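Subject: Structure handover

Hi,

Here is the structure for you to look through. Please open it first, then read my notes below.

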Amino acid sequence: MSWLQALVLGLVQGLTEFLPISSSAHVRIVSTLFFGNDAGASFTAVIQLGTELAVLIYFAKDIGNFIAAWFKGLFSKAARQTEDYRMAWYVIIGSIPISVLGYIFKDEIRSQLRNLWITATVLVVFGLLLGLADHVAKHARTKLELKDAVGMGLAQALALIPGVSRSGGTLTAGLFLGLDRAAAARYSFLLALPAVFGAGIFSIPDVLDRSEPNAASVPQMVVATVVAFAVGYATIAWLLRYVSKHSYSAFVWYRLLLGIVLMGLLSMGLLNPT
């Protein structure tokens with residue numbers, strides 16, 4: 001992997017991780033289209049550590065409160081009645097589906113599911129679903145319930161397929177369940193932490209395997225992750241402001257356009273789907 005490719009992919013990861021347009025799809029497409037190769041699922045998983053570190057720092061106070069409340073709740077009935085205690089459990093419960101399915105289908109995720117035809121198709125399909133959810137949603141609730149954790153957790157698991165979008169899937173589910181945009185976005189950020197950190201750490205040995213084609217060096221991986229962190233932190237702040245005042249229609253149209261263009265490039269043989 002060249003230094004330019006590592007820097008560009010770190011930038012792409014930071015820009016797209018929290019937007020409902022699929023960061024894994026963009027890293028896959030940009031890597032293939034401009035550098036002639038797939039950076040790989042393991043490299044993608046590791047640089048996602050940078051964007052999730054941005055979430056950890058941005059929501060540090062909230063996360064600290066959740067962890068403290070969870071431990072207090074083990075011994076205190078009063079602590080178990082707090083919103084922070086419930087949120088801690090909602091993040092744990094919502095993380096189970098993607099953790100289980102990610103482990104079971106880890107080989108398929110790194111091979112068959114990275115086919116660009118699949119990516120193009122789910123970009124369009126889940127773009128339409130996001131648009132429908134945003135149109136029919138009541139945007140009535142700001143507090144999460146157990147059904148939200150389960151529904152959004154199952155939706156997050158679909159993001160194992162590049163093109164679905166972790167944030168897009170969870171936001172779509174949250175809107176269908178009646179949450180307002182800001183509440184759905186906030187939980188979407190928090191829900192990604194356990195799964196992404198787990199996947200990233202688990203994938204580090206694969207990235208360090210220099211026998212793999214187009215393998216990134218350790219310095220390249222570190223720099224790409226740092227770039228993803230810096231850009232991702234700014235993106236979180238921007239998106240939370242944006243969704244408080246706007247619909248997701250711009251992202252819906254972008255997904256549809258990208259999916260259609262990608263299908264065209266594949267049909268003309270200008271991109272290798274695998």
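**Two serines in loops**

Ser-22 sits in the loop between helix H1 (3–16) and helix H2 (23–35). One thing to keep in mind from the start: this is a predicted model. The phi angle of Ser-22 is near 75 degrees. That is a positive value in a residue other than glycine. Is Ser-22 buried or exposed? Ser-22 has a relative accessible area of 1%, so this residue is buried.

Ser-165 is the other serine to look at. Find Ser-165 in the loop between helix H8 (146–157) and H9. Its phi is near 85 degrees, again positive and again in a residue other than glycine. The relative accessibility of Ser-165 is 3%, and Ser-165 therefore counts as buried.

**Two helix pairs**

Two packed helices are described by the angle between their axes and the distance between the axes. Keep both values in mind for the next two cases.

Start with helix H3 (residues 41–58) and H11. They pack at an angle of about 45 degrees. Their axes are 7 Å apart. Angles under 35 degrees count as roughly parallel, and 65 to 115 as roughly perpendicular. H3 and H11 are therefore oblique to each other. The crossing of H3 with H11 is right-handed.

Which residues of H3 and H11 meet? On the H3 side, they include Phe-43, Val-46, Ile-47, Leu-49 and Tyr-58. On the H11 side, Met-221, Ala-224, Phe-229, Tyr-233 and Leu-240 are among them. The residues of this contact divide into 17 nonpolar, 4 polar and no charged.

Now turn to helix H7 (residues 116–136) and helix H9 (residues 166–176). These two pack at about 30 degrees, and their axes are 8 Å apart. An angle under 35 degrees counts as roughly parallel. H7 and H9 are therefore roughly parallel to each other. Their crossing is left-handed.

In H7, the residues in contact are Leu-129, Leu-130, Leu-132, Ala-133, Asp-134 and Val-136. They meet Gly-168, Thr-172, Leu-175 and Phe-176 in H9. This contact divides into 7 nonpolar residues, 2 polar and 1 charged.

**Aromatic rings**

How many aromatic pairs does a search of the whole structure find? The search finds 11. Here are two of them.

Take Tyr-58 and Phe-59 first. Their ring centres are 5.1 Å apart. Their planes stand at 65 degrees, so the pair is edge-to-face. Over 60 degrees is the cut-off for that label. Tyr-58 is partly exposed, with a relative accessible area of 30%. Phe-59 is buried, at 5%.

Next, Trp-238 and Tyr-242. The ring centres of Trp-238 and Tyr-242 lie 4.9 Å apart. The planes are at 25 degrees, so this pair is stacked. Both residues lie in helix H11 (residues 218–243). They are 4 residues apart, about one turn of the helix. Trp-238 has 37% relative accessibility and counts as partly exposed. Tyr-242, at 17%, counts as buried.

Last, look for a cluster. Ring pairs link Phe-18, Tyr-58, Phe-59, Phe-189, Phe-229 and Tyr-233.

Best wishes

Methods. Residues numbered from 1 in each chain as written. Predicted model: local features only at pLDDT ≥ 70, side-chain atom pairs only at ≥ 80, totals over all residues. Heavy atoms only, no water. Phe/Tyr/Trp six-rings, centres within 6.5 Å; stacked < 30°, edge-to-face > 60°. Buried < 20%, exposed > 50% of the residue type's maximum accessible area, 1.4 Å probe, protein only. Axes fitted to C-alpha atoms, helices over the stretch in contact; angles between N-to-C directions. Parallel < 35°, antiparallel > 145°, perpendicular 65-115°, else oblique. Left-handed = near helix turned anticlockwise from the far one by under 90°. Contact = heavy atoms within 4.5 Å. Nonpolar A, V, L, I, M, F, W, Y, C, P; charged D, E, K, R; others polar.
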